[in-house]
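Look at the fold below before you read on.

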Amino acid sequence: MDSKFGGLERTTTPEGVYRVLRGAILDGTVPPGGQLRERDIATDLGISRSPLREALTRLEEEGLVVKVPFRGAFVVEVSAQEIAEIASIRLLVEPYAAELAIDALRGPERPRLTQTIEDLHRATEKNDIPGSVDAHLQFHRLFYDLSGHGTLRSLWNGWETKLRLYLLVDHPSYSDLHEIAVEHARLATVALEGDTDAFKRELAQHFSTALRGQAADDGNASARA
């Protein structure tokens, strides 16, 4: 692994090292499948191995890192099959979450929904992959957070890390990132209309490739999550 952490925050505590590594994973500095070599990271950050190993253990418990015996620590790779399974469940529960959240979305929380669309447009115009992933996930998270349904929130919390890792790879496959913002604007319009069936149809179109469990490797978009 090339030096990726030399310009980042210098910190010696396990909590600080954890934050630095987690940020590097979630913003794509270290991609899915990338190796986290203890020697290189310790040198880049100017730290000992002890806080680094604590941080890696915490990331492993969080599901962001996998440790392979005799090889080291790697950023988790999320398969198209996993995303397909998540998408199949989301297709059933996300319209329900949107239905439960409709009063909030039409009322006091509407600016939050609008803001996610604006953030998506801004990020895609700048070709800001981490920013577009953040806004993308925040858009969908709103339905679960505003549903008032604890189990729905828990479902989303269990999916978000895997979706983020997958989308960091997926977003660059769009020939036009702006398409992502346009898709979400359509979803927002349908959600605010309160037509659950129409929302489900739009959602199915939104991640149709993911539902087939196919990863695109030919320059086309893969999982629309």
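Helices H4 and H9 (residues 196-206) pack at an angle of about 135°, and their axes lie 9 Å apart. Axes here are lines fitted to C-alpha atoms, for helices over the stretch in contact, and angles run from 0 to 180 degrees between N-to-C directions. That angle makes H4 oblique to H9. Angles under 35 degrees count as roughly parallel, over 145 as roughly antiparallel, 65 to 115 as roughly perpendicular and the rest as oblique. The crossing of H4 and H9 is right-handed. A crossing is left-handed if the near helix is turned anticlockwise from the far one by less than a right angle, and right-handed if clockwise.

Who makes this contact? From H4 come Arg 90, Leu 91, Leu 92, Glu 94, Pro 95, Ala 98 and Glu 99, and from H9 come Thr 196, Phe 199, Lys 200, Leu 203 and Ala 204. Contact means heavy atoms within 4.5 Å. By type, the residues of the contact of H4 with H9 are seven nonpolar, one polar and four charged. Ala, Val, Leu, Ile, Met, Phe, Trp, Tyr, Cys and Pro count as nonpolar, Asp, Glu, Lys and Arg as charged, and the others, Gly among them, as polar.

This is a predicted model: local features need pLDDT of at least 70, side-chain atom pairs count only at pLDDT 80 or more, and totals for chains, interfaces and linings use all residues. Residues are numbered from 1 along each chain as its sequence is written, and side-chain values use heavy atoms, with hydrogens and water left out.

**The whole chain**

The protein has ten helices and three strands. Helices (H or I, at least four residues) and strands (E, at least two) are DSSP runs, numbered from the N terminus. In order from the N terminus, the elements read α-β-α-α-β-β-α-α-α-α-α-α-α. Of the 225 residues, 47% count as buried. Buried means under 20% relative accessible area, exposed over 50%, and partly exposed in between (1.4 Å probe, protein chains only). Take the contacts between residues at least 6 apart in sequence: 72% of them join residues at least 24 apart.

**The core**

The largest nonpolar core holds 67 residues, and Ile 25, Leu 36 and Phe 143 touch the most other members. Helix H4 (residues 80-106) gives the largest share of this core, ten residues. A nonpolar core is a set of buried Ala, Val, Leu, Ile, Met, Phe, Trp, Tyr and Cys residues joined through side-chain atoms within 4.5 Å. What does Ile 25 touch? Not counting residues up to four places away in sequence, Ile 25 meets Val 30, Leu 36, Leu 59, Leu 64, Val 65, Val 75, Leu 165 and Leu 168.

The axes of H5 and H8 come within 8 Å and cross at roughly 165°. H5 is therefore roughly antiparallel to H8. The crossing of H5 and H8 is left-handed. H5 brings Arg 110, Leu 113, Ile 117, Leu 120, His 121 and Thr 124, while H8 brings His 178, Ile 180, Ala 181, His 184, Ala 185, Ala 188 and Leu 192. The residues of this contact divide into eight nonpolar, four polar and one charged.

His 184 sits in helix H8 (residues 178-193). Is His 184 buried or exposed? His 184 is buried, with a relative accessible area of 0%. Leaving aside neighbours within four places in sequence, His 184 touches Ile 117, Leu 120, His 136, Phe 139, His 140 and His 206.

**Residues to find**

| Residue | Relative accessibility | Class |
|---|---|---|
| Phe 70 | 91% | exposed |
| Asn 127 | 54% | exposed |
| Tyr 96 | 39% | partly exposed |
| Asp 103 | 63% | exposed |

Most residues other than glycine have a negative phi. Phe 70 has a positive phi, near 70°. Phe 70 lies in the loop between strand E2 (65-68) and strand E3 (72-75). Asn 127 also has a positive phi, about 55°. The loop between helix H5 (110-125) and helix H6 (129-145) holds Asn 127.

Tyr 96 lies in helix H4. Tyr 96 and Lys 200 are 104 residues apart in sequence but 9.2 Å apart in space, C-alpha to C-alpha. Asp 103 is also in helix H4. Asp 103 and Leu 146 are 43 residues apart along the chain, and their C-alpha atoms are separated by 9.2 Å.
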